[in-house]
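Good morning, colleagues. Please look at the sequence and the structure on the screen, and then I shall take you through the packing.

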Amino acid sequence: MSPESGPPTAQPLREDQLEVLKVLYPWYKEEVFRRREQMTRLTAFASAFLVLLLVTMPAVPSPPRPTFTSALFAITGVALFTGIFAYLILQQRNRHRLAKHALIEIERVLGLFDEGHYVAGKSLYPKEWQTAWLSDRSVTVYLTVLTALTVLVIAAVLLRP
């Protein structure tokens, strides 16, 4: 292909290609939602556990000052717990992004963003939906909450009277 020819023009979909997209589209749509829900559940579970630690720590009798070893084990355990959940959340985020990207490509091929393709004078989906997912900050919120709760639990271990 020479530089003068420009990008290839879109060819109409064959019937078998359209059938494949009709099968893939709902699957990817569900995958996007499932990955988002999984990130939310992981965050909720880890947050609930850390809050439970914060609430139960004052009720558990302990020596006046924790020993260096016991404090180190507690802090390491909480840090590992949070690290594992942060890793799982980031893993789900990466899979969510891959599924979202594939879904948007399918939507483009199906003409859902093309004006006049299905409805005269407008598109079924707003154009900004094609890129809005790139500015999603929910994972930042999830990780910030987990980090803040982890810092609180660590502080509670270190400052225990």
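Let me begin with a question: is E31 buried or exposed? Please bear in mind that this is a predicted model. E31 is buried, because its relative accessible area is 8%, and the cut-off for buried is under 20%. This residue lies in helix α1. Between E31 and L103 there are 9.3 Å in space, C-alpha to C-alpha, although the two are 72 residues apart in sequence.

I turn now to the helices. Two packed helices are described by the angle between their axes and the distance between the axes. Helix α1 covers residues 15–56 and helix α2 covers residues 68–109; their axes come within 8 Å and cross at roughly 160 degrees. α1 is therefore roughly antiparallel to α2, as angles over 145 degrees count as such. The crossing of α1 and α2 is left-handed. In the contact of α1 with α2, the residues comprise 22 nonpolar, five polar and eight charged.

In soluble globular proteins, nonpolar side chains tend to be buried together. Here the largest nonpolar core has 17 residues, and L50, F85, I89 and L146 have the most contacts inside it. At least two residues of this core come from each of α1, α2 and α4. The most are given by α4, residues 138–158, which supplies seven.

L50 deserves a moment of attention. Leaving aside residues up to four places away in sequence, L50 touches V78, F81, T82, L146, L149, T150 and V153.

Terms used:
Residues numbered from 1 in each chain as written. Predicted model: local features only at pLDDT ≥ 70, side-chain atom pairs only at ≥ 80, totals over all residues. Heavy atoms only, no water. Axes fitted to C-alpha atoms, helices over the stretch in contact; angles between N-to-C directions. Helix = DSSP H or I, 4+ residues; strand = E, 2+ residues; numbered from the N terminus. Parallel < 35°, antiparallel > 145°, perpendicular 65-115°, else oblique. Left-handed = near helix turned anticlockwise from the far one by under 90°. Nonpolar A, V, L, I, M, F, W, Y, C, P; charged D, E, K, R; others polar. Core = buried A, V, L, I, M, F, W, Y, C linked by side-chain atoms within 4.5 Å. Buried < 20%, exposed > 50% of the residue type's maximum accessible area, 1.4 Å probe, protein only. Contact = heavy atoms within 4.5 Å.
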